[in-house]
Amino acid sequence: MQINVFFDREKKEKTIEVGENSLIRDLLAKMGINPVTVIVSRNDTIIMEDDEINDKDKIKLISVISGG
Amino acid sequence: MNCCNEKEIIKLPAGEKLCRKHFTEYFENKVFKTITKFDLIGKQENLGVAISGGKDSLTLLHILNKLSRQNPKIKLTGILIDEGIKDYRDKSLEAAKEFCQKNNVKLEIYSFEEEFGMSLDNMLKVLDVKPCTICGIFRRYLLNKKSRELKFTKIATGHNLDDEAQSIMMNQFKNNIHLSARLGPMVGISSNKSSSIKNSSMKDNTMKNGINNNLKNKNNKNVITSNNINNDKDSNVNFVQRIKPLYLCTEKEVTTYAFVNNLLDEFTECPNVVKSYRAQVRDMLNNLEAKFSGTKYSIVNSFLQMLPDLKERFKEAEVNYCKECNEPASKDKCNACKYAEKLDKANASAILNNTQIFF
């Protein structure tokens, strides 16, 4: 599956390839991102690590770390 | 464990999953309980809320605004210190202004440029010092001084559980346990506490050369006058007490709350943070938290049990005032004056070498 992911800390969108029936947790692991450090949204709704990813999903990763 | 039939948005360290509505209730209750448990806010306060425009301070202001609307004797004013960090502070400043305007909260803004004669970016060009060190010193100096001038009874800051856990561990790793005595949900000396005050030069309100050029305001007046020095020997009201209502909230909880309440702006990161020791400790703690949920809570909760003993062991018998500017200081000269003097010398040297890079 091809997933569009925008990570606010990097300010860019990437396309990530994940397997069928992947979960958000799998996506984060593939990107090397610690789930403690982000909240994940899909269509402006927060989703959780054990939510399934759908093909062509547009995911936004919002960094929780303080900027300063 | 699910809280109801609505979609869950967060899993708490203890395992409970909450939907948007129940999470909002949980978060706000947690903040109010923190305020009550640690007696952070009295029935009547003139509260300064330190704002950066980031998610923590806007979340704090959003919740305190709710409290203030229920209790009109708790007055709120936002206070923002603009260090002059290009592509960082200028962006968050706009977010802060917009929020305060929308919510009818007065916002006082003070800049390094205005108060010290140069921005942090320019200070770092002439001084060989860690950015966070000098930023923190001048920011805290200004925050305290302006809060006192504005007659705030307390300053509320957006420090959260993650910040505190990081500070605790940084002090451990650096063998600075005495600094941990100054941590906790409320910091600073209560005006009710008696303390003998060693105050060496109340008569002389003028500042010496090292400060004059940098700690004056734009109109070239000395910023310390006899009017704003407190002569009360039984209290240290020159130091405005600071409270942390988000003390027990994790960064993830704060961000989630900010998200659901439309308080999140574009992510910006201070360019100086990536080089900092704190950032490394932060990453270490987050890696541990990912494997062992609740680690950060444990660090802070166990620290809170030790804090009374630390405060007792490292309590300051005397409160000093800086001989230069009369602000509270642990030694004869405060750190702000020390660095202002270095800046003066660096600038003088730059002028001599015809390499002055600002103005």
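A: A word on terms to begin with: helices here are DSSP runs of H or I with at least four residues, numbered from the N terminus. In that numbering, S92(B) is found in helix α3 of chain B, and please keep in mind that this is a predicted model.

Q: OK, is S92(B) buried or exposed?
A: S92(B) is buried, because 25 other C-beta atoms lie within 10 Å and the cut-off for a buried residue is 20 or more. As for I51(B), which sits 41 residues away along the chain, its C-alpha atom and that of S92(B) are separated by 9.4 Å.

Q: And which residues of α3(B) are buried?
A: The buried residues of α3(B) are R89(B), S92(B), A95(B), A96(B), F99(B) and C100(B). They lie on the same side of α3(B), because the arc they cover around the axis is only 125°.

Q: What's on the face turned away from that buried side?
A: That face of α3(B) carries exposed residues, namely E94(B), Q101(B) and K102(B).

Q: What covers the buried residues, then?
A: The cover includes α2 (55-70), β4 (74-82) and β5 (107-111), which belong to chain B.

Q: How far does α3(B) reach from its first C-alpha to its last?
A: Helix α3 of chain B, residues 89-102, reaches 20 Å with its 14 residues, and this is close to the 20 Å expected at 1.5 Å a residue. Just after α3(B) comes N104(B), which takes a positive phi of about 55°.

Q: You mentioned β4(B) and β5(B). How many bridges join them?
A: Five bridges join β4(B) to β5(B), and the two strands run parallel.

Q: What's the order of strands in the open sheet?
A: The open sheet has six strands of chain B, in the order β5-β4-β3-β6-β9-β7, and its pairing is mixed. At its edges are β5 and β7 (186-187) of chain B, each of which pairs on one side only.

Q: Now the packing. Which residues have the most contacts inside the largest nonpolar core?
A: That core has 91 residues, and those with the most contacts inside it are V40(A), V49(B), L64(B), F138(B) and A156(B). Helix α6 of chain B, residues 131-149, gives the most to this core, with six residues.

Q: What does L64(B) touch?
A: Leaving out residues up to four places away in sequence, L64(B) touches L47(B), V49(B), L76(B), A156(B) and P245(B).

Q: How many residues does each chain bring to the contact?
A: The contact takes 16 residues from chain A and 22 residues from chain B. On the side of chain A that touches chain B, eight residues are nonpolar, six are polar and two are charged.

How values were computed
Residues numbered from 1 in each chain as written. Chains lettered and ligands numbered in written order. Predicted model: local features only at pLDDT ≥ 70, side-chain atom pairs only at ≥ 80, totals over all residues. Core = buried A, V, L, I, M, F, W, Y, C linked by C-beta atoms within 7 Å. Buried ≥ 20, exposed ≤ 12 C-beta atoms within 10 Å, placed from the backbone. Contact = placed C-beta atoms within 7 Å. Expected span 1.5 Å × (residues − 1). Arc of directions from axis to C-beta. Nonpolar A, V, L, I, M, F, W, Y, C, P; charged D, E, K, R; others polar. Pairing = 2+ DSSP bridges.
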